[in-house]
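Here are a few exercises to work through with the model open on your screen. Try each one before you read its solution.

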Amino acid sequence: MSLQRFSMATFNLYNLQLPGLKMNRGQKVWTQAEFDQKVSWIGGQLAALDADIVGLQELWHADAMAQVLAARGLDATYDLLAVPATGKRIVCGALVRKGLLRGDPRWVDKFPEETRLEESNPTDLQAPAINVIIPGFSRPVLNFQVALRDDSLTEVFVTHFKSKLPTTISDEPWFDESFRSHQLALGSALATIRRTAEAKALRVLLTGVLKGSKTPVIVLGDVNDGQHSNTVNILTEQPKYLVGDARGGVDNALYTAQTLQELRDTRDVYYTHVHNDLRESLDQVMVSEQFYDHSRNRLWLFDGLTINNDHLNDEDHKATGTGDHGVVKVKFRWRPAKTDV
């Protein structure tokens, strides 16, 4: 089966856990009524999306997602990738239209060995040495392969980085009154360091697949940072965009779907999250040059991006069953670049 068109989406499920089971500290468990609302809303979103691949974040329990699919009859449409989601921790998962998945998915907990964040001899003589020791991802990265075309496989990564929410330090053994007025700054710095390290670790995994190859690669996820953030810049390696038809492209780069949409549009109204009235784009879809219009190695042509974010206006997501992130869908159609250009 070789597709002529396909679509993918990224979907933060807002703590999809079975009713009565614990979640993060300070979060109340879902009642049966609240869970039923979530099942109904998520199922409706998925049915409307009708995407071929859906990256899932904030999934606690595979059985909860299975109930969502069964309630809408979508279990006949999708393979659910959620093996580690046993209710003990948040896991990245995915839905893959039946017939597309190849091989077994893997979840990567530990950082690759090449993720070394140490500088013992700074080139800037005024800068002190640095050594950041973080052994693994906050949420395991999901990696799997799909066959969009009969003659090749596409690598898909689903990720969820540390949020901007300040890390709690009041329980640390070193914490005392002298740190109390600095909790917010210190916690925010720790969250940023962790998120940056996770971006670098995922970039190592991506480079292992991208560099020197023509393998199509897709990254879906809640990276908790915007299009031009340092986090996203690490992942994409900041490629050039407008370089002429079939004359650009970098084998180790990624291209954000948000930018691809902006190149087709006259107004940027992209946002997937609202906090303190600040609208941000935290949920990203990134693709390799095989999905970039102006790449000489293009296989797929960008065919539009849509975001369902009206539910972000809901004041009580628990009451409505809605999520606190927008749902992003991106479409492509088969259109290889002409080699004689």
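Before we start: two strands count as paired if DSSP finds at least two bridges between them. Keep in mind that this is a predicted model.

**Exercise 1.** Find the bridge partner of Arg102 in β8.

*Solution.* Start with the strands: β5 covers 101-110, and β8 spans residues 136-149. The two run antiparallel and are joined by six bridges. Now look across from Arg102, and you land on Gln145 in β8.

**Exercise 2.** Work out the strand order of the open sheet, and say which strands stand at its edges.

*Solution.* Strands in a sheet pair through backbone hydrogen bonds, parallel or antiparallel. Here, six strands line up as β5-β8-β9-β10-β14-β11, with mixed pairing. β5 and β11 (255-256) each have a single partner strand, so one side of each has no neighbour in the sheet.

**Exercise 3.** Which strands does helix α3 lie across, and at what angle does it run to β8?

*Solution.* Pick out residues 183-210, which make up α3. This helix lies across β5, β8, β9 (152-160) and β10 (217-222). Against β8, it runs at about 30 degrees.

**Exercise 4.** Check the radius of gyration of the chain against that of a compact globule.

*Solution.* First, take the length: for 341 residues, a compact globule would come out near 20 Å. The chain has 20 Å, so the two agree. Next, look at burial: 50% of the residues count as buried, meaning under 20% relative accessible area. Finally, among contacts with a separation of 6 or more, 73% link residues 24 or more positions apart.

Conventions: Residues are numbered from 1 along each chain as its sequence is written. This is a predicted model: local features need pLDDT of at least 70, side-chain atom pairs count only at pLDDT 80 or more; totals for chains, interfaces and linings use all residues. Side-chain values use heavy atoms; hydrogens and water are left out. Helices (H or I, at least four residues) and strands (E, at least two) are DSSP runs, numbered from the N terminus. Contact means heavy atoms within 4.5 Å. Axes are lines fitted to C-alpha atoms, for helices over the stretch in contact, and angles run from 0 to 180 degrees between N-to-C directions. The radius of gyration is taken over C-alpha atoms; the globule rule is 2.2 Å times the number of residues to the power 0.38. Buried means under 20% relative accessible area, exposed over 50%, partly exposed in between (1.4 Å probe, protein chains only).
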